[in-house]
Amino acid sequence: MKHQSGRPFTVIGRNEAPTAKPSLKRRLVLLVPNTFTLAAVVCGLTAIRLSHDGYYALAMFAILGAVVLDVADGYAARRLKAESAMGAELDSLADFLNFGVATAMLLYDRHLHEFALAGWAIAAAYVLTTGLRLARFNIQARAQKAFLKEGHTEKPKWFCGLPSTAAALSMIALDTAVVSVFPAEASPVMAIATLTAAALMVSTLPVPSLGAIFGRRR
């Protein structure tokens with residue numbers, strides 16, 4: 001096969017050494033975490049639809065469902081030893097949709113639309129910082145794998161910046177509390193909170209993981 005210059009080119013992966021094809025059982029096991037991830041994507045899309053139609057509480061539950069499925073896919077991947085590069089990328093894309101786009105649209109439809117273009121800019125900032133946060137996490141995860149391959153066994157238990165999942169959960173919890181206690185001031189409070197969460201996601205603030213909080217003390 002040749003391109004316009006007349007020189008042959010190769011398709012990536014064609015010249016690699018063949019590897020043993022996994023058994024049907026193994027392939028089904030590898031599908032389990034990705035199934036959870038895709039189900040989480042459906043939750044995120046459902047949350048966008050529900051918030052657009054004004055069903056804010058149901059949209060929040062859909063995002064919470066995405067959180068549960070996000071935890072489940074990671075747990076299943078570790079327990080079944082089904083971690084893969086494709087699964088990691090798919091999980092990152094799902095997090096961007098569920099905890100970035102879906103959460104921002106919920107906040108915009110419920111509160112930020114009151115500020116017209118400024119409200120849309122705040123929602124966009126939240127989505128963009130979620131993407132930046134996830135991109136940085138992916139880079140750090142690759143560096144961590146290289147670190148462990150060198151013989152180190154201790155995994156880092158602190159995040160750099162607020163994780164997107166924690167940001168989405170914080171926004172839902174704060175939204176519920178503010179609307180219940182101070183409904184008249186809910187929109188300006190949530191606008192400020194959205195910008196704050198966006199800034200924390202791209203910050204270098206050390207945030208403890210569950211392993212750091214509940215792990216064994218030496």
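A polar contact here is a pair of N or O atoms within 3.5 Å; within protein, one must be able to donate a hydrogen and the other to accept it, and residues adjacent in sequence count only if both atoms are side-chain atoms. The model is a predicted one, where local features need pLDDT of at least 70 and side-chain atom pairs count only at pLDDT 80 or more, while totals for chains, interfaces and linings use all residues. Residues are numbered from 1 along each chain as its sequence is written, and side-chain values use heavy atoms, with hydrogens and water left out.

Threonine 103 sits in helix α3, residues 85–110 (helices are DSSP runs of H or I with at least four residues, strands are runs of E with at least two, and both are numbered from the N terminus). Threonine 103 counts as buried, because its relative accessibility is 1% (buried is under 20% relative accessible area, exposed over 50% and partly exposed in between, with a 1.4 Å probe and protein chains only). Its side chain reaches back to two backbone oxygens: that of asparagine 98 at 3.2 Å, and that of phenylalanine 99, which lies 3.5 Å from a polar atom of the threonine 103 side chain. Setting aside neighbours within four places in sequence, threonine 103 is in contact (heavy atoms within 4.5 Å) with Ile63, Asn98, Tyr126, Ala168 and Met171.

Next, the aromatic rings. A search of the whole structure turns up 2 aromatic pairs (rings of Phe, Tyr and Trp, the last by its six-membered ring, with centres within 6.5 Å; planes under 30 degrees apart are stacked, over 60 edge-to-face and the rest tilted). Tyrosine 108 and tryptophan 120 make an edge-to-face pair, because their ring centres are 5.0 Å apart and their planes stand at 80°. Tyrosine 108 belongs to helix α3 and tryptophan 120 to helix α4 (residues 116–149), so this pair ties together parts that are 12 residues apart in sequence. Tryptophan 120 is partly exposed, at a relative accessible area of 43%.

Phenylalanine 137 and phenylalanine 159 form a tilted pair, because their ring centres are 6.5 Å apart and their planes are at 45°. With phenylalanine 137 in helix α4 and phenylalanine 159 in strand β1 (residues 158–160), the pair ties together parts that are 22 residues apart in sequence. Phenylalanine 137 is partly exposed at 36% relative accessible area, and phenylalanine 159 is also partly exposed, at 29% relative accessibility.
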